[in-house]
Amino acid sequence: KMMQNVHLAPEADEDDLYSGYNDYNPTFDTEDLENDVAFQQVARTSHGRRPPMTAKIPGTSASRPLATGLGSKATLTSSMGRPMTGAIQDGVARPMTAVQAAGYTKAAMRGSSFDPLGQARGPAPPLEMKNSDSSEEKIRQLEKKVNELVEESCIANSCGDLKTALEKAKEAGRKERVLVRQREQIATPENINLDLTYSVLFNLASQYAANEMYAEALNTYQVIVKNKMFSNGGRLKVNMGNIYLKQLNYSKAIKFYRMALDQIPGVHKEMRIKIMENIGVAFIKTGQYNEAISSFEHIMSMSPNLKAGFNLILCYFAIGNSEQMKKAFQKLIAVPLEVDYDDKYISSNDDPHTNLLIEAIKNDSLRQIERERISMAEEYIMTAAKLIAPVIETSFAVGYDWCVEAVKASHYVELANDLEINKATTYLRQQDFSQ
């Protein structure tokens with residue numbers, strides 16, 4: 001009786017709960033995706049090629065059975081009647097996804113060589129030829145021609161052919177005016193090349209001045225100066241002042257120098273110093289020595305140089321101020337020459353390389369400039385000493401001795417011996433043989 005309710009399990013249960021787990025389903029095989037035709041097609045298919053979502057597509061209930069834990073082998077069908085991913089209908093493999101894979105794939109690179117620069121595609125197509133008949137191209141060519149004429153004019157001037165330089169400058173001016181008219185017809189006035197106009201006019205005025213056609217040069221400079229569009233045109237009043245100085249019109253020269261000085265900022269120190277020197281020279285020419293002294297004193301306090309120092313001595317000599325002559329002479333001999341003296345060119349050892357270098361630079365162009373500067377300094381100092389020696393002290397001898405002692409205390413000490421010889425020569429001319 002006890003065994004009546006016991007039922008032994010059958011050896012082969014048709015509805016086994018654990019059946020199907022050992023079945024191999026190729027859908028989940030990721031190791032062989034490279035050879036899976038359907039998957040590779042998916043990887044190369046864009047989202048736009050995805051079949052439409054429509055209920056007309058029949059389900060795929062019989063396509064691929066999957067075992068379930070309930071023992072029944074159910075099939076999966078989408079709620080919209082869409083086939084499962086990877087299903088084949090009508091002999092066409094549907095892509096496994098609608099999104100294209102990012103980056104590179106092995107399949108895409110298989111069979112192709114590494115060519116990141118795209119060199120296998122061959123050379124780039126030739127550039128399109130510019131249309132030579134277009135207005136812009138004609139203007140560009142004309143502008144190039146104007147620049148070439150200005151350069152040729154400058155080169156001719158540097159070679160001493162002043163007549164050719166002027167002819168080229170005039171031709172450049174004519175072509176530039178044609179260029180401006182053409183620009184105005186096709187573009188706004190803001191697009192006109194002001195730099196080119198400025199250079200053409202400036203070169204033309206310079207060539208007029210070089211050919212001593214001063215009236216034409218002044219008129220051309222005036223065109224630049226009066227045009228407010230040229231921001232730095234006012235500086236050319238220096239050039240106009242130089243022309244007036246050549247014409248001996250000193251009052252107008254001073255006027256234009258001063259106007260130029262007002263328009264040049266303080267950062268251009270060297271340019272301002274040169275203009276003030278010209279103002280001082282113009283005042284000397286007109287006999288206005290006190291005004292000239294103001295200019296030269298300012299220069300010697302700001303940026304001393306030999307010419308300004310010598311001119312300052314001349315002005316004080318002209319008004320007879322012996323004390324100021326002494327001070328001006330001391331300022332003159334204190335001007336640094338900024339040159340290397342002869343000891344640099346004397347070899348201190350027997351090194352052949354050093355000796356060869358010294359021999360090479362002993363007479364080069366820089367050494368020649370240094371010699372010229374030293375010679376100019378000696379001439380200024382010697383002339384100034386001979387000029388002021390008779391008037392700065394009670395006698396010529398005492399005045400000369402003062403100059404000799406001042407020079408000995410400066411870095412022009414070598415000039416002291418020359419001054420002594422000059423002093424002896426002066427005694428000879430006075431027939432004072434004992435002295």
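Student: In which helix does Glu143 lie?

Tutor: Glu143 lies in helix H3, residues 135-158; helices (H or I, at least four residues) are DSSP runs numbered from the N terminus. The model is predicted, so local features need pLDDT of at least 70 and side-chain atom pairs count only at pLDDT 80 or more, whereas totals for chains, interfaces and linings use all residues. Residues are numbered from 1 along each chain as its sequence is written, and side-chain values use heavy atoms, with hydrogens and water left out.

Student: Why does Glu143 count as buried?

Tutor: Buried means under 20% relative accessible area, exposed over 50%, and partly exposed in between (1.4 Å probe, protein chains only). Glu143 has 18% relative accessibility and therefore counts as buried.

Student: Which residues does Glu143 touch, not counting those up to four places away in sequence?

Tutor: Glu143 touches Leu179, Arg183, Asn193 and Leu196, where contact means heavy atoms within 4.5 Å.

Student: What makes H14 oblique to H15?

Tutor: Helix H14 (residues 365-392) and helix H15 (residues 396-408) pack at about 140 degrees, with axes 7 Å apart. Angles under 35 degrees count as roughly parallel, over 145 as roughly antiparallel, 65 to 115 as roughly perpendicular and the rest as oblique. H14 is therefore oblique to H15.

Student: Which residues of H14 and H15 make the contact?

Tutor: Among them are Ile381, Ala385 and Lys386 of H14 and Phe396, Gly399 and Tyr400 of H15.

Student: What is the mean pLDDT of the protein chain?

Tutor: The mean is 78, and 72% of residues reach 70 or more; pLDDT is the predictor's confidence in each residue, from 0 to 100.

Conventions:
Axes are lines fitted to C-alpha atoms, for helices over the stretch in contact, and angles run from 0 to 180 degrees between N-to-C directions. Helices (H or I, at least four residues) and strands (E, at least two) are DSSP runs, numbered from the N terminus.
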